[in-house]
Amino acid sequence: MSIGSSYLKLRGEIPDYVKMVLAAKTRSADEIKEAILAGADIIGENYVQEAERVYSELGALAEKVKWHFIGTLQKNKINKALKIFDCFETVDSTELARALNDRAGKAGKIVSVFVEINIGSEITKSGVKPEYEAVEELVKDISGLSRLRLEGLMTMGPRTGSPDDLRGYFRKTKEIFGMLKRLNLPNVDLKYISMGMSNSYKVAIEEGSNMVRLGTAVFGRRSCDLTG
Ligand SMILES: *Cc1c(COP(=O)(O)O)cnc(C)c1O
């Protein structure tokens, strides 16, 4: 199936209130263009340099969609990233939040951020440890940063054989989301729970996700996966 028809099929199946972020790492500008022309409105990228390349190749089309950063953000890339991304989904420390706030201030911008939770406590993954107190502390710090608007939580969840094994992790993320919402902090307007990928989006939506990040399901397998 073509990228455009895969996107349209998924968009038809996924409830309207759930936003679809197209995880576009390794994809060419032409592939991304096909998705945008079919209606995709949020593109997720993991690397600033790769995003810069496809963004410029897409020309005017790039400005018609939102760009979400979903990788590990290096501080020395923040200024470049601010030129492209509308939302940073992977904020996991006060230090990173302050750096973003600083640079956003200098660029005269206000940016949307999500806090990433390492819901499976995996040593190989970034994200705040999945304890309510730890997340609340970071959320309160971000609330004090005037250039940032905290709008959501993001989590990956462990890679497991069965998406059903992720149910408990997604549920816990939703629970933390509910507790944080009740704090009613300034600069914090929690709206989005970004969880669920190609293999797990159905379970994630059942457990409260309203933003899924899809790569393979739209674009097909990544060529680096074929050899791995
Ligand atoms: C690649 C990626 C996805 C999408 O993965 P698929 O399994 O291809 O759908 C989602 N989120 C993040 C952070 C990613 O890096």
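Which residue in strand 2 is the bridge partner of Leu22? The close-ups below start there. This is a predicted model, in which local features need pLDDT of at least 70, side-chain atom pairs count only at pLDDT 80 or more, and totals for chains, interfaces and linings use all residues. Residues are numbered from 1 along each chain as its sequence is written, and side-chain values use heavy atoms, leaving out hydrogens and water.

**View 1. Strand 1 meets strand 2.** Leu22 has Ile43 of strand 2 as its bridge partner. Strand 1 (residues 19–23) pairs with strand 2 in the parallel sense over three bridges. Here, strands are DSSP runs of E with at least two residues and helices are runs of H or I with at least four, numbered from the N terminus; two strands pair if DSSP finds at least two bridges between them.

**View 2. The two sides of strand 2.** In strand 2 (residues 42–45), Ile42 and Gly44 point one way, Ile43 and Glu45 the other. In a regular strand, side chains alternate between the two faces of the sheet. Ile42, Ile43, Gly44 and Glu45 are all buried, meaning under 20% relative accessible area, where exposed is over 50% and partly exposed is in between (1.4 Å probe, protein chains only).

**View 3. Strand 2 meets strand 3.** Follow strand 2 to its other partner: four bridges join it to strand 3 (residues 66–69), and the two run parallel. Glu45 stands opposite Phe69 of strand 3. From strand 2 the chain passes through helix 3 (residues 48–58) to strand 3, a right-handed β-α-β crossover: with the strands pointing away from the viewer, the path from the first strand over the helix to the second runs clockwise.
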